[in-house]
Every structure is written in structure tokens, then in C-alpha cells.
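Please open the structure in a viewer and keep the selection panel at hand.

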Amino acid sequence: MEQATNDVNLTALDLNSQITNISTENRVVSQMMANDIFLFKWCEDETGDTDDEHAQNLYDYLKAYQTKYNYDIVFFVSNKTYNYYYNDGLNKVVAPDDEFDSWYFNFLDLNQEYDIQIDHDEVNDFSVSLFVNCLVVDKSGEILGVVGVGNKIDDFESSVGDLTENLSISAGIVNKGNAHNSFKGSSGVYMTTEDAATAFNLSEDDVLMDVDKAGYTWIDGYLCTTIYHNNDLNWNIIVQKDTRSTVNNMLRQPYGRVALMF
């Protein structure tokens, strides 16, 4: 049983690493834009006119990143005007009383450098997407807005799905502390707390438990469960495996050697 537990722990670590790798480029690019002198300077001269040459310079800037990295959307929300600019122009003006815009104001309340979310992409037919949001702050500490990128979740789900299938495990991801938004459902491996608790036969407290970097593993019968916290994404990753076949195979080995001796 110890060997089976080790296998599950290693699987959880591997899955955690894979998930981090999938999101790393998006996070690095978003943080690069958030610290770009161009964006600082652009914000200083923002007029609120979304059709002038100054606005077009921002659209071109966002479009260049979208094209280079093949993102579905690259955006900047100004904290001065609340204009939601993206690579093809102005999307909207965000508002505190608009449920769909809750992600922006909830993120500001977190006082974090960046935030990774699953949400609907209003620009691209409300597709479920993986977003990286980064806070843009000037040298005096004033919040200028939020810049970030988004990609449809399909590729992310496919990559994680292939890994779980190859390793014969069940896996789920829950939001541990990122800003809440208007997306209240589950999508593949990304689950609400309630759905994850049901899927893995755990309590909601179990799903959201605080764990250190080594994670937490326990066995209930033949079912081995590991909960691992991904610090970069602020997600809890749940990995579960029925160890029955692993244990049975290990038990057969001594009997096979005895039979061979006879």
C-alpha cells in the first residue's frame, strides 16, 4: 500500500507541474506587459476617447501580443475610465454593478500582483477561457488598471485530460483564493467546490483544505486521495486513484515466484 501511495503522490506532483507549465507563458507575458514603460506612458496620456490615435496605439500594442503568442484575447482595463480595451478595439465600460464585470473589482480587492481565473470571454462568444490578470501599478503605487491575456480552455482541458487518462487517475481543480467572477459552473477538470466534493466523495472542507508544499494524502479502503496546492495558480489540485489493481499486482508477485520455485 505504501508503494501505491507513493505512486499517487508522484502523479499529483507531475500533474501539478504540467498545469504550471501550461499557464506559465501566459503569466510571464501578462507580467511583462504590466511592467512595460509603454503602458505606463499610455495611461498618463489617456483621454477616454476610444477612437483617436492615442487609443489606436494601444489597440496596435495589444494586437501585436495577441498575434505573436496566438492568444484569443489580450486586454487592458483602465482604472481611470473603466474602459475595457482589447486587441480589436473597445469592448465595453466595466461597471461595479455589472455581475459580468465582478472579476475586475474583486481582483482589485485582493491586492495581488496577478490572478488566474476560468471565466467567460465576452469578446469571443462567451467561450469558457483561462485568463491571467495582472495589476498595473505606477512608481507611486497608483493602480492604473489590469492587463492580461485569455485563451479558450479547450487546449488546457485536453492537455490535463490526456495526462489523467494515461495515468489512470481522476483529477479536479478548485479555486482556492483567486477573485470570484460571474462564471459559477464547472468545466471538465475545473470544478466548483460543491461539484468537486461530490465527484471525489469528499467534504467541501476537504476540497479547500490548507496544505503545505508536500500536499496531503490519505487512504480510505483502496481509494487513495492527494490534495496538492499550486502556489502559482492558487488552486487546489485533487488527485484520486483506485489502488486495487496496483495492490493486487504487487500481491501476485510473491505467489508467482513461489510457483516458479516449485
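Begin with the second largest pocket, which holds about 230 Å³ of space; the model in view is a predicted one. Select Asn 26, Asn 151, Lys 152, Asp 155 and Phe 156, which lie nearest the centre of this pocket among its 13 lining residues. Next, colour helix H1 (2–34), strand E6 (143–152) and helix H5 (154–166), the elements that each give two or more residues to this lining. H5 supplies the largest share, four residues. By class, the lining of the second largest pocket comprises five nonpolar, three polar and five charged residues.

Select Asn 175, His 180, Phe 183, Tyr 190 and Thr 192, the closest to its centre of the 16 residues that line it. Strand E4 (114–121) and helix H6 (193–199) are the elements that give two or more residues to this lining, and E4 gives the most, with three residues. The lining of the largest pocket divides into seven nonpolar, seven polar and two charged residues.

Finally, select helix H2 (residues 37–44) and helix H3 (residues 53–69), which pack at an angle of about 155 degrees with their axes 11 Å apart. Angles over 145 degrees count as roughly antiparallel, and H2 and H3 are therefore roughly antiparallel to each other. Their crossing is left-handed. To see the contact, show the side chains of Phe 38, Leu 39 and Trp 42 on H2, and of His 54, Ala 55, Asn 57, Leu 58 and Tyr 61 on H3. This contact has six nonpolar, two polar and no charged residues.

Definitions and conventions. Residues numbered from 1 in each chain as written. Predicted model: local features only at pLDDT ≥ 70, side-chain atom pairs only at ≥ 80, totals over all residues. Heavy atoms only, no water. Axes fitted to C-alpha atoms, helices over the stretch in contact; angles between N-to-C directions. Parallel < 35°, antiparallel > 145°, perpendicular 65-115°, else oblique. Left-handed = near helix turned anticlockwise from the far one by under 90°. Contact = heavy atoms within 4.5 Å. Nonpolar A, V, L, I, M, F, W, Y, C, P; charged D, E, K, R; others polar. 1 Å grid on protein atoms, 1.4 Å probe; cavity = no way out; pocket = protein on both sides within 12 Å on 5 of 7 lines; lining within 4 Å. Points joined across faces, edges and corners; volume = space filled by probe spheres on them.
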